[in-house]
Structures are given as C-alpha cells and as structure tokens.
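Open the model in your viewer and keep the selection panel at hand. The tour goes from one selection to the next.

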Amino acid sequence: MHDTRESSRTTQRRDRLLAALTLTAGAGFAIGLPFALKAGAEFFLPTAAALVIAIALVPVLEWFERRGLPSPVAALVCVLGFLVIANVALAAIVVPAVAFFRLLPERITRIQHNLAPLVELYGTLVRNANQTLSKLARLPVHTTTTQSAVAPPSSLIELAATSAPAVILQLFFGVLVVFFFLSGWTGLRRRAIVNRASFGGAMATARVIQTMVDDVSAYLGTITLINLTLGAIVAFAFWLIGMPFPLMWGGIVALLNYVPYLGPILAAFLMALGGLMTFSDLWYALLPAAVMTGCHLVEANVVTPLIIGRRLTINPVLILISLSFWGWVWGTGGVLLAVPLLIILQVVVGAAGKPDIAGFLFERGALVRHADEAAGFAP
C-alpha cells in the first residue's frame, strides 16, 4: 500500500512538472507569436488570406470535380473566376471613388456651408459653458482658433503607386497559394485521413476538416450574399435620392460590412461625407447616412441573425477581441480576416479540446480533464 501511494505521488509530481513545462512553453509561444506575425506581415498576411479564400472555394472545387474536371483544371477555373469577380467588384468601387474624392478640396466650401448651423450651435454651447465656468472660477476665458490644412487625396494614390511592386508580388504569391492548395486539396485531405493510426482518429480528422470547410465557406458565402443584397438596396436608394455614383456607394457598404461593428460605422461616416460634398441642404446631405444606417440595422438585427444564427453562433466579445488583435497585427487586412480566422480557430480548438488551466492551477496539476472526472460533475 505504501509503495502504491508513493508511486501515485511520484506520478502526480511528474504530471505536474510536465503540465508546468507545457503551460510555460504555451504561454511563451502565445506571447511571441503575435510579434512574429506582425514582423513577418509581408509573408503571413497574403498566406493567411490565400488559405482563407482557398478554404472558402473548396465547395466550388468539389462541385467541378464531381462533374469530371481534374483537380488542377478545377482549381484554375476557381482561381480565374474569383479573380474576375474580385477585379470587377474593385473596379466598380475604386475607379469612381478616386474620381469622387478627388473633388474633396473643391467641395470643402460646400461642406463648411452645410456644417455651419451645427458649428454655430456647438460654438454657442461652448461659449455659454465657458461663460458659466468663468463666472464660477472668476478666471478669464481665452479662445484660440486653429486652422488645419487639408491634404489632397492624390497623395494616397502616389503612396499606393510607390508600393505597387510589393503589392503585385504579394498578390501573385497569394494567387499561387490558392491554386496549389486547391489543386492538391483532394489528395491532402485523403492523406490526412488515411495516415491516422486508428479508425476513430481518421473519422475525427475527417470531421474536423469538413466542419472547418463547411463553416468558413458557409459564413463567407452567406455574408457575401447578404452584403451584396445590402449594397444593391443602398445603391437603389441612393439612385432615388440623386446621389452620384450609387453603385460605388453600394459597393463601399457591401465591402465594409464584412467588418463587424466597425465597418458600418466607417461606412456611415463616408456616406455623411459624400452627402455633405454633394447636397447643399444639411438635412438632405445627411440622408444618405441615415438610409445606410437604417438598412444596416435591419440587416444586422433581423436578416443576419435569422440566416446565420441557425448554423453559426460566435460570441460578440470574441469577435471584438479578434478584430482588435488581427487589426493590430495586420491592419486592414487583418480586420477583414478576423472572423474567418476566428471560425477556423474555434473548429480546431473544439476538436482538440480546451486545456484545463483551472485544474492545473487549483486541483490536480494536469492540463487535461479526464472523461470520468468530467462525467462525475455532469448533472
């Protein structure tokens, strides 16, 4: 009996040491990984974007393969189709947007005229507040006027032109990653399943792969359809109220709606800026932003939960954390990839199992919770 107890204590100390080493190594890896991803953004960002796009295109690839196309041919068709659609969409947004926002320096006077009532109201409130505070504090109030120069938007075009070679190389690299990933997808999935040592492991691997593909493709496909519909409705509404380039504005709304929470706010700001540049009446100038906000509220609170909520539920706190993290690591590209990467991470962690950090810290010192212990706490 004494030997059994001694052996149990030795095993527990060994398990706790291994768990401590694993936890320490994991914490170091988690701390160092974001800085490595940020430092190597020129490689990791196009790679991650290409993998997400490739995973989303897997159902299309399999559809072509079921109709007899070889994998390389099907992959090439998927890549070319995606590039054509992306180029048409970007051309419909970027070309008129550049032409429109080049007029910003010329429209500053109109914007100031439209905002004059709000500025005057704000100035009146500030003066009244300053007078009240000066009477209470018996101190003179000094007001200063500052003027800021408006930089022409052409500088952004020049900046993009100077960085074009790097962007072209990253785009070419991403296209190659998508093509080779799709062309070798069937064989890669077969090897990942067949090479497992047990039937249970093979089934678990197949389930994880299929769940990851289904969730990512379903999310991106459904969100794309919703965003295109939202953009078309906004474009039609803008055409009715006489807003120039309605297709451009609809495209901007559809594109920014891929970014949860933050994208619609930026879109509303751009709609307000466009309205102030276009119309002379303040309230009519704010109508585009009001129309876009109303359409977004219906989409975000009725349409999207009704369609996506049945299949895929993501914690809003995790979405905000993912947006903040990937935005810090990769900027705008990271923000666009935040939700798909979160979905992939959720699938992998859900299949691999979450480490029992609380059990390691406060109970037996192991990072894995045994099935019999978990069943003992089950209601």
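Start with Glu-62. At 16% relative accessibility, Glu-62 counts as buried (buried means under 20% relative accessible area, exposed over 50%, partly exposed in between, with a 1.4 Å probe and protein chains only). The structure holds 1 salt bridge. Glu-62 sits in helix α2 and Arg-189 in helix α7 (residues 185-194), so the pair ties together parts 127 residues apart in sequence.

Before going on, note the ground rules. This is a predicted model, in which local features need pLDDT of at least 70, side-chain atom pairs count only at pLDDT 80 or more, and totals for chains, interfaces and linings use all residues. Residues are numbered from 1 along each chain as its sequence is written, and side-chain values use heavy atoms, leaving out hydrogens and water.

**Whole chain**

Switch to cartoon. The chain has 16 helices and 0 strands (DSSP runs numbered from the N terminus: helices are H or I, at least four residues; strands are E, at least two). Of its 379 residues, 33% count as buried. Among contacts between residues at least 6 apart in sequence, 71% join residues at least 24 apart (contact means heavy atoms within 4.5 Å).

**The largest core**

Select Leu-182 and Trp-330. Of the 44 residues in the largest nonpolar core, these two touch the most other members (such a core is a set of buried Ala, Val, Leu, Ile, Met, Phe, Trp, Tyr and Cys residues joined through side-chain atoms within 4.5 Å). Color α2 (41-66), α3 (71-101), α6 (164-183), α8 (199-241), α13 (316-330) and α14 (332-352): these elements each give two or more residues to this core. Helix α2 supplies the largest share, 10 residues.

Now show what surrounds Leu-182. Beyond its neighbours within four places in sequence, Leu-182 contacts Ala-54, Leu-57, Val-58, Leu-61, Ala-75, Cys-78 and Val-79. Another core, of 30 residues, lies apart from the largest one; Leu-230, Ala-268, Val-291 and Met-292 are among its members.

Go to His-296 in helix α12. Is His-296 buried or exposed? His-296 is buried, with a relative accessible area of 17%. Leaving aside neighbours within four places in sequence, His-296 is in contact with Leu-230, Asn-257 and Pro-264.

Stay on α12 (residues 287-308) and pick Ile-307. Ile-307 is partly exposed, at 43% relative accessible area. Val-298, Val-302, Val-303, Leu-306 and Ile-307 make a nonpolar surface patch of about 400 Å².

Next, select Leu-273 in helix α10 (residues 262-278). Leu-273 is buried at 19%.

**Confidence**

Finish by coloring on pLDDT, the predictor's confidence in each residue, from 0 to 100. The chain's mean is 76, and 71% of residues reach 70 or more. Among its elements, helix α9 (residues 246-256) has the highest mean pLDDT (89) and helix α5 (residues 154-162) the lowest (43). Over residues 139-162 the pLDDT stays under 50, and the model has 10 contacts beyond four places in sequence for them. Residues 371-379 are also below 50, with 3 contacts beyond near neighbours in sequence.

Technical notes: A salt bridge is a side-chain nitrogen of Lys or Arg within 4 Å of a carboxyl oxygen of Asp or Glu. Patches are made of residues with over 30% relative accessible area and no salt bridge: like charges are joined within 9 Å, nonpolar side chains (Val, Leu, Ile, Met, Phe, Trp, Tyr) within 5 Å. Accessible areas come from the Shrake-Rupley method with a 1.4 Å probe; for residues, only the protein chains shown count as cover.
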